Amino acid sequence: GRNPARPFCSSIMKAMKALLALTLGAIATVTHGQVWPLPDSVSSGYTNITVYPSTAFFVYDPRYGEAGSVLKEAFTRYHDLAFPHGTMEDKGASMKYLNIALESFDESHPQLETDESYSLSIDEYGNGLISAQTVYGVMRGLETFSQLVVFDYDTRTYQIAGAPLKIEDSPRFAHRGLMIDTARHFLPLAAIRSIIDSLPYAKLNVLHWHMVDTQSFPFESTTYPKLWEGAYSKQERYLQSDISSIVDYARYRGVRVIVEFDVPGHAASWCVGYPEVCPSDPECAQPLNVANNATFDLIESVLGECTGKQASATDAPSGLFPDDMIHLGGDEVDTSCWTADEDISAWLAEQGMTEDEAYAYFVGKASDIAVSQGRRPIQWSEVYDHFGTNLNKGTIVHVWKDVTNVTEVVANGYNTLVNVGYVDKSWYLDNLDVAWAAVYSKDPCEGVPDELCPMVLGGHGEMWGETVDASDLEQTVWPRMAAIAERLWSPKDTTDADAALPRIEAFRCLLNSRGIAAAPVNNADAREGPPSPASCFEQRRALRF
Amino acid sequence: VVSEVVVSILEDDAAELQLYADESYTLVVPATDGGKIELSAPTQWGIMRGLETLSQLVLFDFDANAYTVDNSPWNIEDAPRFPHRQLMIDTARHYEPLSVIRQVIDACTFAKVNTIHWHLVDDQSFPFDSPSHPELAAKGAFSKYERYTDADVASIVEYARKRGVRVMVEVDTPGHASSWCAGAPEICPSSSCLSPLNPATNATFDLMADLFHDLTGGEKRLGLFPETLMHLGGDEVDTSCWGETPEIQAWMDDNGFTEDDAYLYYFNRVTEIAIAQGREVVGWDEIWENFGTSLDPTTIVAAWRTWAINSTDVTSKGYRMLYCPDSAWYLDSLDTTWEARYAEEPATGVAEEDEHLVLGGGGQMWGETADPSDVLPTIWPGMAAIAERLWSPRDVTDTVEAAPRLAGFRCLMESRGVPFAPITNLISRSAPSGPGSCTAQRRRHV
């Protein structure tokens, strides 16, 4: 109703597209059955395999080990992902199961060094095998498999094209993450679970949880229970049991969870429960009070809840967040409220410290706490920019500012994560005017000599939450996060955006079919909806050719 | 501490899920610890509505680390004002994958919306894989991936049924049907004039009968859509192609038909097919405007052009209607606020003895700019306002009173994984304007 019928419109549009295709050359067709991110090496043939979704489709040899719940749930999950239309009659399928072989059945929390490599082979008779070192490598292989399987509506069968297929795959960068911000808007557990679901679809393996900030403190601290009085409301909080369930939910999907408690700036919400850890003037309440030991006692205690005060080991995860890394923030520290505060300013004088030295002292102490609790600290760019090689050598420098010289950082022996914001090729997902192709074109090792590139661990898409809550999270993260995912997984020379366009469009449609609200690929503005009726596979703006 | 809910189904424990199904329930939460919560209803559908209410009364108290129900005792006797409370989804302007339709259904249950009106096909695409006419989707779907098999449809209808949600299919003809022509050119006027469908040839009605049979199984309460109501569209019919096509003009001359007569003839024929297959027909209000009381008396009028058609026009002549006002309850009308949607009254001016003829109505999520990336935050909060209008008593109209409840409902929906746009948006589905609590979004200034 309401809009007048336009019977000619669709046929005219089809004619126009055909004409443009002729005049402008071939426009690559968008089809399912391709893999995002692009695997390291693929060889394929010309045989189509019909696949039948047997109940026990993924099979492994029990002589080599016992599948734990992580692997078993992965089999169940990937059965539904590969075969979304359920099971139909067996019309003479050649492939009725897929063999899984793995070196280690260990299901401990994944860490930076966890091996995610796999190989996938399917011969022209439908005999298939995924082999990997770890359960997480198997999961990456299962993801690839699920993207190769295509449902054919005409024959009502599942098909894989291109047998015999041989895929050897492993990531270029080991650390490939998405940051979510639960301080600017509380994100309910259901929204966090949904976004975690989406990460392995693009083989992302880290969730960086920016837990608290100036605006709110939603985290339950058992040792400092008044901290969450800084939450937006009584309902917008995370119990420790909520957090544990999220960390485990992520583990089941091969995703590490790294928490960030950003100190000493971005911390006004801490003052609600414990004003003594802030400067005394509520109008000038941050950064956290460097002059008061109570501040560091609190930080040590809260971090202690996160880490269990010791390193995690295989089969012995420690703390709410068993990951080896913990993020301590350290960005955008305006120290003027320290000098404005009488007591703090007196302390600075007593210590013979400038404001900047006090900043260095603060982040150094925080870093020492993390190290003493068996963790590697991650800290934002400024911490290196200010303090250079005085930083603890194990610190991971999280580069977000354009001015930071990544080559210099790594040459000085520091690992880095690189995701610069507020630039043309920004990886800040709240920079809404940066299109997928610009994101895709940024290499974390840009300008870094090849022999130093291994010091760059990877990077994140940063989903700052000022205008993002559960109503628009997925469509702001995706599909540009896919561009980041391929940049971090695939070989360095996978840079052809024209070749990538039909593949990322198909991947977007795949995400939608899995219930993830990925926005149209060719938006001028991220997260805006589609402009008009169209196939998911043809949402190109007319003027884009 | 209360740890037991006693559920009693009082009457028909195998009640069918159709229009007029009894959804009433009684819910009693005791005043003191140690008692039991009691939920009773005539049917299992009422039990489900009661469970939804109970789930909204229970709140987790983060300080006490316990689930609580505040302000007990509660004695709730509840039943919907209107029996037909729908959300329309449009899978022709953009394909909606099954996973998204399931998310939509789940969200509807949280607001006690009891019907999905599935606008299945339209000009732009024909995604339904008709078993009797596979060429329709083979040539008319957006792509080889954007289709629904009969098994897909059955799985959705069953998913909905388990949640007490009916699914009413709409096959919109004779207008809005140009996507049919690629697969079945014989039922369209000509290759240069595609729409409306050709009334002059039996090929059209044979195909319609086959297609309807795919959907209905040929009998009442059977088939992919066991729902008794079947929407046949009938809107925005520009008959000029008929006059411009010589064979059709000749046929009209032979029968002494004007173009309008031919439209009535068409609609009556498809109505007959649907009725013969055990269905009651719903049509958009153009059928009322054009044909009035010559329509089969069981026809239900879906009034959308409410600037021209009042509810009383329909009900005073003894016909049933659905209230689906353009703009006010069109969810693609992005600049309509929730307050404006809440203010609509389906039975305005209707005589009390005729009120039962207003079956209800609902929100229409036209899909021109809605696809999986944005459909849910476009539906909510608008549909929440409509849902209360259709469930709650007529005098529940105070938006000042309702606003904090709607804000709380928003937070609840988000906690259940439903993307629900800020309620203070002046434009639907806009992002929140800045950091804040889910309950306290500042009004966004355009």
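**Close-up views of a predicted two-chain model**

**Helices H6 and H9 of chain A.** In chain A, the axes of helix H6 (residues 293-307) and helix H9 (residues 355-372) come within 10 Å and cross at roughly 35°. The model is a predicted one, in which local features need pLDDT of at least 70, side-chain atom pairs count only at pLDDT 80 or more, and totals for chains, interfaces and linings use all residues. Residues are numbered from 1 along each chain as its sequence is written, chains are lettered from A and ligands numbered from 1 in the order in which they are written, and side-chain values use heavy atoms, with hydrogens and water left out. Axes are lines fitted to C-alpha atoms, for helices over the stretch in contact, and angles run from 0 to 180 degrees between N-to-C directions; helices (H or I, at least four residues) and strands (E, at least two) are DSSP runs numbered from the N terminus. From H6(A), the residues A:Asn293, A:Thr295, A:Phe296, A:Ile299, A:Glu300 and A:Leu303 meet A:Tyr361, A:Phe362, A:Lys365, A:Ala366 and A:Ile369 of H9(A), where contact means heavy atoms within 4.5 Å. By class, this contact comprises seven nonpolar, two polar and two charged residues (Ala, Val, Leu, Ile, Met, Phe, Trp, Tyr, Cys and Pro count as nonpolar, Asp, Glu, Lys and Arg as charged, and the others, Gly among them, as polar).

**Helices H5 and H8 of chain B.** Helix H5 (residues 202-216) of chain B packs against helix H8 (residues 259-276) of chain B at an angle of about 35°, the axes being 10 Å apart. H5(B) makes a right-handed crossing with H8(B). The residues B:Asn202, B:Thr204, B:Phe205, B:Met208, B:Ala209 and B:Phe212 of H5(B) touch B:Tyr265, B:Tyr266, B:Arg269, B:Val270, B:Ile273 and B:Ala274 of H8(B). This contact divides into nine nonpolar, two polar and one charged residues.

**The interface of chain A and chain B.** The contact draws 62 residues from chain A and 67 residues from chain B. The area buried between the chains is about 4,700 Å², with 53% given by carbon and sulfur atoms; buried area is the accessible area (1.4 Å probe) that two parts lose on being put together, summed over both. Six salt bridges are found across the interface, a salt bridge being a side-chain nitrogen of Lys or Arg within 4 Å of a carboxyl oxygen of Asp or Glu. B:Asp150 and A:Arg156 form a salt bridge in which the closest N and O atoms are 2.9 Å apart.

**A salt bridge within chain A.** A:Glu143 and A:Arg514 join through their side chains in a salt bridge, with an N to O distance of 2.9 Å. Because A:Glu143 lies in helix H3 (residues 135-148) of chain A and A:Arg514 in the segment after H15 of chain A, the pair ties together parts that are 371 residues apart in sequence.

**Backbone details in loops of chain A.** The peptide bond joining A:Trp36 and A:Pro37 is cis, with omega about -5°, and A:Pro37 lies in the loop between H1 and strand S1 (41-43) of chain A. A cis bond also leads from A:Trp478 to A:Pro479, with omega near 15°; A:Pro479 is placed in the loop between helix H13 (473-477) and helix H14 (480-489) of chain A. A:Asp315, a residue other than glycine, has a positive phi near 65°, and A:Asp315 lies in the loop between H6 and strand S13 (325-327) of chain A.

Technical notes. A crossing is left-handed if the near helix is turned anticlockwise from the far one by less than a right angle, and right-handed if clockwise.
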